[in-house]
Amino acid sequence: MLSIRLESLAKHIKFNDKVIDIGCDHALLDIYLVKNNVVKKIMASDIHEQALDAGIANIKRENLEEKITTRLGDGLDVLTDKDNIDTILISGMGTSTILKILDHPYLSKINKLVIQSNNDHFLLRNSICRLGFIIKAEDFLVDNHKHYINIVFIRGKAKYRKRELMYGPILIHNTNYLNFELNNCLKIYHLIPKMKLRYRLKLGREIRLLKYLLKKGR
Ligand SMILES: C[S@@+](CC[C@H](N)C(=O)[O-])C[C@H]1O[C@@H](n2cnc3c(N)ncnc32)[C@H](O)[C@@H]1O
């Protein structure tokens, strides 16, 4: 059975999307997507041979070689115009790796990004929106006691407030998520040595903002 984390990404993929899953590793999500007819075919890639081999073995076990194309290589380098890919799926990586992958000429052909980054969602939203995308959907979920955020970007222009880039224009209305962020900030705040004044002040501001947003949302 697919994990809650990976299944949460599947619902953002539509039948006509022409998808590459970058950093597919085990390819479990790609297998799920074609087996459940979410898409007819998909491309799965990874930069590490060993990871891709694990994916290929799983794909072969399910007899899905005709529906799942695999490529070994770095991010969007594996694509040519002929591949006609218009949707990127990336999960299980950090924001800096994701942004390096997106810094590529092939991005101009991409209409949709489905991303589950491990960290720095402010930088992720800010940078991708500057590349000509808007935020279409966001999820906050828990799987196996770990928290995850999915963000779906599509082509468009929008001006977001800083707080929307920090907490997400959609997640900013999700009290579960705001409470999670507030608890994290409070935990860290009490651990910061008093000398680290700048950091304490920054975190103090964030705590006040989160409390305000939670009060406003009530
Ligand atoms: C933690 S795994 C995540 C696997 C899967 N996407 C998931 O969410 O379970 C990250 C994978 O990304 C691959 N990866 C990292 N940087 C990459 C890049 N620049 N291009 C393609 N794959 C990359 C790694 O080799 C690894 O297999």
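1. How many nonpolar, polar and charged residues does the shell around the ligand have? By class there are six nonpolar, seven polar and three charged residues. The classes put Ala, Val, Leu, Ile, Met, Phe, Trp, Tyr, Cys and Pro under nonpolar, Asp, Glu, Lys and Arg under charged, and the others, Gly among them, under polar.

2. A word on what we're looking at: this is a predicted model, where local features need pLDDT of at least 70, side-chain atom pairs count only at pLDDT 80 or more, and totals for chains, interfaces and linings use all residues. Residue numbers start from 1 along each chain as its sequence is written.

3. Back to the ligand. It is surrounded by 16 residues, and the closest are G23, D25, A51, S91 and G92; a residue is near a molecule if its C-beta atom, placed from the backbone, lies within 6 Å of it. Strand β4 (87–93) gives the most to this shell, with three residues. At least two residues each come from β2 (42–46), β4 and α4 (95–102). Helices here are DSSP runs (H or I, at least four residues), strands likewise (E, at least two), numbered from the N terminus.

4. α4 also packs on helix α5 (residues 121–130), at an angle of about 15° and with the axes 10 Å apart. Axes are lines fitted to C-alpha atoms, for helices over the stretch in contact, and angles run from 0 to 180 degrees between N-to-C directions. So α4 is roughly parallel to α5, as angles under 35 degrees count as roughly parallel and those over 145 as roughly antiparallel. T95, I98, L99 and L102 of α4 meet L123, L124, S127 and I128 of α5, with contact meaning C-beta atoms, placed from the backbone, within 7 Å. That contact has six nonpolar, two polar and no charged residues.

5. The domain assignment gives domain 1 (4–160) and domain 2 (177–217), with bounds from an automatic or database assignment. Their centres, taken over C-alpha atoms, are 32 Å apart.

6. Last, the other helix pair: α7 (residues 175–189) and α8 (residues 197–217) pack at about 155°, axes 10 Å apart. That makes α7 roughly antiparallel to α8. Among the residues in contact are L178, L182 and L186 of α7 and L203, I207 and L210 of α8. By class, this contact divides into 11 nonpolar, three polar and four charged residues.

How values were computed:
Angles under 35 degrees count as roughly parallel, over 145 as roughly antiparallel, 65 to 115 as roughly perpendicular and the rest as oblique. Two residues are in contact if their C-beta atoms, placed from the backbone, lie within 7 Å.
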